[in-house]
Amino acid sequence: MSFIDVVVIGAGQNGLYMAKRLQELGLNYLVLERNAVGQVWDNRLEGMKLFTSRQFCQLPGLAFPGDKWGFPSIIEMADYLRRYATAFELNIRPKTSVVSMEKAGGIFHIRTDDGLLLSTKAVINATGANQSPLIPKLADGLSNSVLQYSSSLKSLAEIKGNAKVLVVGDGATGRQIAGGLARRCKVTLSQGCRRTFPPNKVLGRDIFWWLKLLGVLFADRSSKVARIIQKRNPVPCGEFNNAGLRALGVSLKGRLVRANDRRVYFNDGRLDGVDVVIWAVGYRDKTDWLTIPGCVDGQGFVQEQGCTPEPGLFVIGRKWLSCRASELILGVEKDVNSVVNLVEAFIKQRNSL
């Protein structure tokens, strides 16, 4: 059994920068990553792009190559994360999943799927909330002849031409999928709550450049401006806003409420003869490995700005952890620096006992 100061679970953008900061502080740490670094991005739907420009996709200490005003592909993002891990020689154990974590005598005990046993003073969960795709229970009402996809869809080429396709979820991903299929399929997009769809660029600049300049992105989540953003839930989607999708021939419907065989019902109508349903309604935490009481609920990790109810257990990479930028790569620096200060203070306190 190995004993170290800090275990970081997850080597995405938050986990990598957290590792860099722990390394700078001289703490003995290890990052556990269930895949290879960058593999989560490699496995996303082919052809997808981020909705933040390259200047906002880089982590501290390493520039993101290419036109800073351009929007990178998922493959570019995967390659960048691999370069980051290599550039700073971060201590990462890939292809290693946590299967259980308990706490006894003030020490966390972690067991992995390859038999590794770790004891540590502090644990930082950096897996992010996008782990297990959400598929609503009403999906059970669909006929077995209807093809259903979520994160399993790797290329739009898997969908046959002229298929009657229903895309459920009108975030950036769902809209890119609907727009990408519209030229060769009969596509319907099911929308959820009302939201706004600002352009990706304003006056030639990434909209997030303007939001950062105005101080909106980093406004405290309890501030008035943050509450307005949460209520409006804007999604920059470029040419795939409602007008753009309609121009491509996509039919826009309201919330999906029921499915029966190959017929689906919305709160504003129905659609018959569905061939394919693509679920793009979000993800949930994967927390089956965590058995410490009070740290998870039906929504995932219980946390307040990175602190869980269990002393020594911290979380980063969560939507609105501190501000709007928290779920974006450009928010990594702020949230990681905040949480790493808490971790450092906790370790010092433990060492003084």
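**View 1. Leu 147 and its partner in strand 17.** In this predicted model, Leu 147 has Val 276 of strand 17 as its bridge partner. The contact belongs to a parallel pairing of strand 8 (residues 147–149) with strand 17, made over three bridges. Strands here are DSSP runs of E with at least two residues, helices are runs of H or I with at least four residues, and both are numbered from the N terminus. Two strands pair if DSSP finds at least two bridges between them.

**View 2. Strand 9 beside strand 17.** Strand 9 (residues 164–168) also runs parallel to strand 17, with four bridges between them. Look for Val 168, which sits opposite Trp 279 of strand 17.

**View 3. The two faces of strand 17.** In a regular strand the side chains alternate between the two faces of the sheet. Strand 17 (residues 276–279) is covered on both: Val 276 and Ile 278 are buried on one side, and Val 277 and Trp 279 are buried on the other. Buried means under 20% relative accessible area, with a 1.4 Å probe and protein chains only.

**View 4. Stepping back to the protein.** Eight helices and 21 strands make up its secondary structure. Of its 353 residues, 49% count as buried. Its C-alpha trace spans about 65 × 45 × 40 Å along the principal axes.

**Notes.** Residues are numbered from 1 along each chain as its sequence is written, and side-chain values use heavy atoms, leaving out hydrogens and water. Local features need pLDDT of at least 70 and side-chain atom pairs count only at pLDDT 80 or more, while totals for chains, interfaces and linings use all residues.

Technical notes. Buried < 20%, exposed > 50% of the residue type's maximum accessible area, 1.4 Å probe, protein only.
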